Structures are given as C-alpha cells and as structure tokens.
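This report describes one protein chain, part by part.

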Amino acid sequence: MSGSSGSHKTATAPSTPIAQGQHYRRVYRPYFSKRQLALIDQLNGYPSRRSHLVTIHTSNCKFIQQVGKKLGFPQTTISTSQALYHRYCLYNGARDVQSLDVCITALFVGSKMEESIKKLKDIYVVAHAVRYPKNPELDPEKVSEERLARICECERQMLETLSFNFHVSHPYNYIVKFAKLLQKELNTDAKAMAKKAYFLAIDSYRTQLCLEYPSHTIATGCLYLACLLQPDVYQWLETSEFWAQHCLSRWADIEEIAQRILDVYIAKPSEFGPSPPFTKVKIRLNELASQRPQANDNDSKKDADKPWQLHWPISSTDEWMHGHADTVSYLVQNSPPICQ
C-alpha cells in the first residue's frame with residue numbers, strides 16, 4: 001500500500017510511531033535480536049536501551065501481576081497480558097497512551113486470549129483500586145464512556161501490534177518437562193528447583209525476555225538460575241552439560257536470561273530482599289561463564305555483543321518494507337539491508 005511521504009495518519013495506516021514510510025506490510029515476528037531492538041529504539045527516538053523506560057515497564061508489569069491476581073486470573077493469563085504489554089510498548093511506548101490504559105488493555109486482551117474473560121468495566125475498577133488504594137472504590141456503572149473508548153482504541157492498536165496472531169507460549173510447561181527429564185537423566189530430585197524456577201519465570205516477565213527468547217530457553221535459564229540460587233543442593237549441576245544438550249539452548253542465552261532476572265532482583269531490594277546474595281550469585285555466574293569454552297558461542301554472541309546503529313539518516317523518501325509493529329525487517333532504498 002502506498003501513502004504520502006508526510007507523517008499524517010490515514011484511515012488504513014498503521015498507528016505505530018515509526019510506520020511512516022511509503023510502503024508497509026504486516027508480518028508477525030515472534031522474537032527480536034538485540035540488534036533489532038536497538039534499531040526499533042532508535043527509530044522510536046528512545047535513548048540507548050532507555051533505562052528510565054525500563055524502570056517504568058518493570059513497575060507496570062508488577063502492576064499487571066497485582067491486578068491479575070486480584071481478579072483471580074490464572075498465571076498464564078497474567079503472563080500473556082505482560083507479554084502483550086511488552087510487545088505493544090516495543091513500538092508504541094507509553095508516551096501516546098496512559099500507562100494505566102495500556103495495562104488494562106493488556107489484561108482485557110489477555111483474558112480473551114486465555115479464555116478467562118472479565119468485563120472491561122470490572123477490570124478497570126480493580127485496576128483503579130490497585131493503583132489508587134486510598135481512593136473510594138469505583139462503581140462499574142459510573143466508569144466514563146470516554147475512558148472505555150480510549151481503552152477500546154488501545155485494544156485495536158494492540159491487536160494490530162500482534163498482527164492478529166494470538167499464540168503466546170510460556171515457559172511454565174517446559175519447566176515441568178525439563179525438571180522431569182533432569183530427574184530421569186541424572187537421578188536427582190528436581191522438585192525444589194522446579195518450584196523456584198516457576199517463580200523466576202513469573203518475574204522474568206518484568207523484562208523483555210519474552211520478546212527475545214523462546215519459552216523453552218527461558219525455562220532453561222530459570223532452572224539454571226534456580227540451581228545457582230540453591231548451591232547447597234544443586235551445586236554439582238552448575239557445570240553439567242544437561243542444560244545445553246537436553247534443553248536445546250545455548251549457554252550464552254541461558255546465562256543472559258539468568259543475568260537479566262538477577263538484575264531485576266538486585267534493583268528491587270525492598271521487594272525481593274537484600275541484594276548482596278543475588279550479587280554473589282551473579283559473580284558466580286560470571287565466573288562459570290569465563291571458565292566455559294567460548295568456541296561454540298561465538299555465533300550467538302556476535303549479534304548481541306556489538307552495539308549497532310544506523311549509519312545513514314532515514315528520510316521520508318526512503319522505501320521501507322515494514323510490516324507494522326511485529327516486523328523488524330526493513331529495506332532502505334539504495335542502502336544495505338538493515339536487519340538480516
């Protein structure tokens with residue numbers, strides 16, 4: 001579809017900030033590399049890895065967790081809502097829409113996807129009570145139509161962001177399967193590890209890991225971190241090849257996932273407890289990584305270790321092959337491919 005070179009919106013144009021090129025095509029992409037995320041951040045005008053926005057997203061995902069629990073949603077519904085929130089904010093951010101509206105929309109859409117549907121007004125009332133605990137409880141019938149209309153518009157944008165692909169995979173089932181496999185292959189009781197990994201996986205949704213790694217790799221990283229957090233029981237598993245061989249994941253990815261979850265815990269001592277124990281585990285994780293041969297991980301780290309930016313300006317006359325919010329495969333006219 002062709003559009004004008006200006007930045008005005010048309011009735012059929014995508015509503016994402018960066019979709020202003022002459023052509024676009026909506027294609028779903030389940031995962032993104034760090035290189036692609038850096039490109040999207042740059043096109044959206046964010047600073048490098050936008051540390052201040054990371055704090056906001058972490059807080060909003062905690063809010064979604066609290067509201068979901070109060071509504072009685074199963075954990076899969078809550079995690080789906082958090083994944084929707086991350087995917088929406090990847091392209092839209094929270095700058096054009098109020099964070100509360102985005103969180104409510106994510107819970108509303110997530111409840112539909114996981115077939116645990118609640119009325120939009122009920123979700124709004126509970127969300128308002130969690131956000132403003134000192135205010136009197138709202139009457140569902142008195143929720144303004146203007147606010148509901150904004151949430152419905154946000155829902156439309158979120159569905160566009162998904163390219164109407166409603167499949168979301170979570171690491172919880174893989175944690176159970178890998179724990180049983182570990183118990184069978186190495187003849188060890190992995191119940192305590194699986195229980196710890198389950199809660200680590202819940203907290204992983206405060207980060208963008210669900211946009212970067214498949215669910216089985218996140219499950220592996222959570223199990224490995226659970227092993228490191230219980231050294232008295234599972235220290236002998238720290239260097240086991242079980243993780244890479246049987247869980248179909250690369251060491252670099254497993255370690256990255258563990259590091260990112262530890263960063264969440266270290267940054268929130270008031271919520272997760274004193275940070276020194278987590279810092280100690282992180283140091284141990286780095287030591288194990290330095291002792292491990294890196295030959296097999298060079299390819300996996302090639303994309304992650306190199307900061308990458310556009311080396312030419314993007315003008316309104318550039319031709320983009322952009323598939324709306326879930327497409328990160330761009331084609332700039334007379335220039336080398338941006339993402340491969």
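## Helix α7

Helix α7 covers residues 172-186, and its 15 residues should span 21 Å at 1.5 Å a residue; the end C-alpha atoms are 21 Å apart, so the two agree. The expected span is 1.5 Å times one less than the number of residues. Helices (H or I, at least four residues) and strands (E, at least two) are DSSP runs, numbered from the N terminus.

The model is predicted: local features need pLDDT of at least 70, side-chain atom pairs count only at pLDDT 80 or more, and totals for chains, interfaces and linings use all residues. Residues are numbered from 1 along each chain as its sequence is written, and side-chain values use heavy atoms, with hydrogens and water left out.

The buried residues of α7 are Tyr-172, Ile-175, Phe-178, Ala-179 and Leu-182. Seen down the helix axis, the buried residues of α7 fall within an arc of 115°, so they line one face; the arc is that of the directions from the axis to the C-beta atoms. Buried means under 20% relative accessible area, exposed over 50%, and partly exposed in between (1.4 Å probe, protein chains only).

On the face turned away from the buried side, α7 carries the exposed residues Asn-173, Lys-177, Lys-180 and Lys-184. Lys-177 also lies over the face of Tyr-174, 5.8 Å from the ring centre. A charge counts as over a ring if NZ of Lys or CZ of Arg is within 6 Å of the ring centre and within 35 degrees of the ring normal. Asn-187 follows α7 and has a positive phi, near 55°.

## Neighbours and cores

The cover over the buried residues of α7 includes α3 (75-91), α8 (191-204), α10 (215-229) and α12 (242-246). In helix α1 (residues 34-43), Gln-36, Leu-37, Leu-39, Ile-40 and Asp-41 are buried, and their cover includes α3 and α9 (209-212).

Nonpolar side chains tend to be buried together in soluble globular proteins. A nonpolar core is here a set of buried Ala, Val, Leu, Ile, Met, Phe, Trp, Tyr and Cys residues joined through side-chain atoms within 4.5 Å. The largest one has 49 residues, of which Met-193, Tyr-224, Trp-243 and Ile-261 touch the most other members. Helix α10 gives the most to this core, with 9 residues. Apart from it lies another core of 33 residues, among them Tyr-85, Ala-106, Phe-108 and Val-143.

Contact means heavy atoms within 4.5 Å.

## Aromatic pairs

The whole structure holds 9 aromatic pairs. Rings of Phe, Tyr and Trp (its six-membered ring) pair if their centres lie within 6.5 Å; planes under 30 degrees apart count as stacked, over 60 as edge-to-face and the rest as tilted. Tyr-172 and Tyr-198 form a tilted pair, 5.1 Å centre to centre with 50° between the planes. Tyr-172 lies in α7 and Tyr-198 in α8, so the pair ties together parts 26 residues apart in sequence. Tyr-172 is buried, with a relative accessible area of 7%, whereas Tyr-198 is partly exposed at 31%.

## The whole chain

The chain has 16 helices and 0 strands. Buried residues make up 49% of its 340 residues.
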